[in-house]
Amino acid sequence: MEPPDVVPVPAGIGALPRFALIDGPSPLQPVARFSTALGGGAEVWIKREDLLPLAFGGNKLRNLEFLVGAALAEGADTLVTFGRRWSNHCRLTAAAGAKAGLDVHLVLSGPPVTPPGANQRLDELLGASIHVAATDARADREALGERVVADLRGAGRRPFVIGIGGSGAVGAAGQVLAGLELAAQARARGLEIGTVVLPSATGGTQAGVLTGLRLAGSTASVVGIAVAAPSDELRPTIAGLLEALEPLAGIRIDQAEIELTDAQRGRDYGVPTEAAAAAAQLLARSEGILVDPIYTAKALAELAARVRDGRIRGTAVFWHAGGTPGLFEVA
């Protein structure tokens with residue numbers, strides 16, 4: 001039996017530059033009391049991406065191993081990326097840059113908040129330079145980002161620009177390895193996973209995990225819970241990522257396998273919902289595990305709803321993508 005920490009890397013992904021940020025698999029843990037509280041119709045496990053090693057953890061470290069690797073291979077001295085003030089990707093980019101010896105500039109949606117929120121304070125502690133747009137309009141953030149990059153180049157710096165969420169094909173390659181890792185852990189424990197439920201914001205995690213599971217021979221469905229863009233906007237993004245991953249992973253995934261729902265998205269991105277708060281409380285009080293209200297709690301709420309009404313049976317995995325500092329964000 002293959003041990004869970006041995007991950008077969010597809011040749012196309014293995015050829016990509018990579019900077020190590022992760023020192024081993026994230027834990028796969030059973031949550032028996034949580035499963036019982038949902039009625040016992042499914043055996044729920046949690047993939048603890050929140051326990052990855054840097055800056056409170058989070059699944060975006062998977063992407064950043066390859067993105068930082070690409071930056072170093074290109075001779076960059078600075079990382080520039082974008083997000084909301086609570087962005088896990090931005091926080092982890094700051095951490096990855098610190099570890100790699102690269103300067104980091106983060107361009108955040110506004111308006112500025114006083115005092116800064118938890119993630120922005122962590123960004124600053126990690127040494128990132130913060131640029132906050134005047135409003136929360138995407139156009140304002142993009143315009144500010146263009147000025148930041150132009151100023152860096154004008155000063156003779158060599159910036160490497162990472163898109164929102166780091167979820168292009170290079171970043172998503174890291175999530176393919178996460179899917180392979182999960183399949184290896186399941187084999188080692190004798191688990192036959194039927195469903196994986198994960199939050200889906202920019203699509204890279206969903207595309208990568210689905211690809212990795214199929215590479216490993218798993219037939220588990222991967223259900224993405226849209227937490228940012230609505231599913232009709234997110235679906236073509238995931239489809240494009242699956243296509244872009246094909247030459248890297250050496251496997252073609254049918255777009256019909258993209259499962260998405262808006263059921264827990266709520267009024268808007270970053271706005272908590274009652275169902276998410278209830279699911280987060282149940283997990284905290286049954287297992288002592290915390291999830292943030294912006295990303296993971298909404299996905300957890302959908303898993304809970306599907307277990308309770310019988311849509312999910314057997315063995316299910318909840319993908320805890322991280323984001324714990326979101327618990328301490330200002331409203």
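These legends describe close-up views of a predicted model. Local features need pLDDT of at least 70 and side-chain atom pairs count only at pLDDT 80 or more, while totals for chains, interfaces and linings use all residues. Residues are numbered from 1 along each chain as its sequence is written, and side-chain values use heavy atoms, with hydrogens and water left out.

**View 1. The largest nonpolar core.** This core holds 38 residues. A nonpolar core is a set of buried Ala, Val, Leu, Ile, Met, Phe, Trp, Tyr and Cys residues joined through side-chain atoms within 4.5 Å. Buried means under 20% relative accessible area, exposed over 50%, partly exposed in between (1.4 Å probe, protein chains only). Leu182, Val196, Leu213 and Trp319 touch the most other members. At least two core residues come from each of α7 (169-189), β7 (193-200), α8 (204-215), α9 (231-249) and β10 (314-320). Helices (H or I, at least four residues) and strands (E, at least two) are DSSP runs, numbered from the N terminus. The most comes from α7, with nine residues.

**View 2. The surroundings of Trp319.** Contact means heavy atoms within 4.5 Å. Leaving out residues up to four places away in sequence, Trp319 touches Lys47, Glu49, Asn59, Ala178, Leu182, Val196, Val197, Leu198, Pro199, Thr205 and Val209.

**View 3. The largest pocket.** Its volume is about 780 Å³. A pocket is an open set of points on a 1 Å grid over the protein atoms alone, where a 1.4 Å probe fits, with protein on both sides within 12 Å along at least five of seven lines; lining residues have an atom within 4 Å of a point. The lining has 36 residues, and Ile164, Ala201, Thr202, Ala228 and Tyr269 lie nearest the pocket centre. Two or more lining residues come from each of β3 (78-83), α4 (88-100), α6 (138-154), β7, α8 and α9. By class, twelve are nonpolar, 16 polar and eight charged.

View 4. The structure holds two aromatic pairs. Rings of Phe, Tyr and Trp (its six-membered ring) pair if their centres lie within 6.5 Å; planes under 30 degrees apart count as stacked, over 60 as edge-to-face and the rest as tilted. Trp86 and Tyr269 have ring centres 5.6 Å apart and planes at 80 degrees, so they pair edge-to-face. Trp86 sits in the β3–α4 loop and Tyr269 in the loop between β9 (259-261) and α10 (274-287), so this pair ties together parts 183 residues apart in sequence. Trp86 is buried, at 9% relative accessible area. Tyr269 is buried too, at 13%. Tyr269 and Tyr295 are also edge-to-face, because their ring centres lie 5.9 Å apart with planes at 65 degrees. Ring pairs link Trp86, Tyr269 and Tyr295 into a cluster.

Technical notes
Points joined across faces, edges and corners; volume = space filled by probe spheres on them. Nonpolar A, V, L, I, M, F, W, Y, C, P; charged D, E, K, R; others polar.
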